Amino acid sequence: RLNVDGPSKCILEKFRDKVVMKKALIDSGIRLPRLYTIENFLKEKIRFPIISKPRAYAGSMGVSIINSIEELQNLTNKSAEQNDPTYDNQFIELRINDLQFEEFIHGDTYHIDGLVRNGKIIFSKTFKHINSCLDFINGVPLGNISVNDDHANDEWFSFAEKIIKTMDVPDGS
């Protein structure tokens, strides 16, 4: 709209909307949590726990672990009633009550910091989380420890390369 250089909204949407992001990665061979739709809940026996999270936002803002169909019903009823004036509801990606539901995956959490230029990773470093962002929101300390195992870092680098290629990541951090 302002005629400024940089990625368009269409390109950035797959980095801002978790559902669009997962759909972009479906054929990549990368293990993704299964997304659940309303139809899944109506027609299948869903295995709990599941994760509820806003399609946008980061750092576990608005994330819940749901352990039963009753908890799911309570959350969706509460979400439908929300009208928080601090959120700009003009933009769908900023609606905290636009939820997605997905499979809960047990395990350690890692993240990769890095720089991409011309579709290539020019720097990357892998970190293992001590506790989670969801723990942090609930008052538990959060930390990261750098992974100093060369073999593990090579595997994470290959993983990041696959994502960079599949997602057509623009230059940046």
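**Figure 1. A surface patch of negative charge holds Asp 149, Asp 150, Asp 154 and Glu 155.** Residues are numbered from 1 along each chain as its sequence is written. The model is predicted: local features need pLDDT of at least 70, side-chain atom pairs count only at pLDDT 80 or more, and totals for chains, interfaces and linings use all residues, while side-chain values use heavy atoms, without hydrogens and water. Members of a patch have over 30% relative accessible area and no salt bridge, and like charges are joined within 9 Å. A salt bridge is a side-chain nitrogen of Lys or Arg within 4 Å of a carboxyl oxygen of Asp or Glu.

**Figure 2. Glu 155 lies in helix H6, residues 150-167.** Helices are DSSP runs of H or I with at least four residues, and strands are runs of E with at least two. Glu 155 counts as partly exposed because its relative accessibility is 48%; buried means under 20%, exposed over 50%, and partly exposed in between (1.4 Å probe, protein chains only).

**Figure 3. Lys 22 belongs to helix H2, residues 18-25.** Lys 22 has 10% relative accessibility, so this residue counts as buried. Apart from neighbours within four places in sequence, Lys 22 is in contact with Leu 32, Pro 33, Leu 35, Gln 100 and Glu 102. Contact means heavy atoms within 4.5 Å.

**Figure 4. The protein has 6 helices and 7 strands.** Their order from the N terminus is α-α-β-α-β-β-α-β-β-β-α-β-α. Of the 173 residues in the protein, 26% are buried. Among contacts with a separation of 6 or more, 53% are between residues 24 or more positions apart.

Notes: Patches are made of residues with over 30% relative accessible area and no salt bridge: like charges are joined within 9 Å, nonpolar side chains (Val, Leu, Ile, Met, Phe, Trp, Tyr) within 5 Å. Accessible areas come from the Shrake-Rupley method with a 1.4 Å probe; for residues, only the protein chains shown count as cover. Lys and Arg count as positive and Asp and Glu as negative; His and the chain ends are not counted. The place of a charge is taken as NZ of Lys, CZ of Arg, CG of Asp or CD of Glu.
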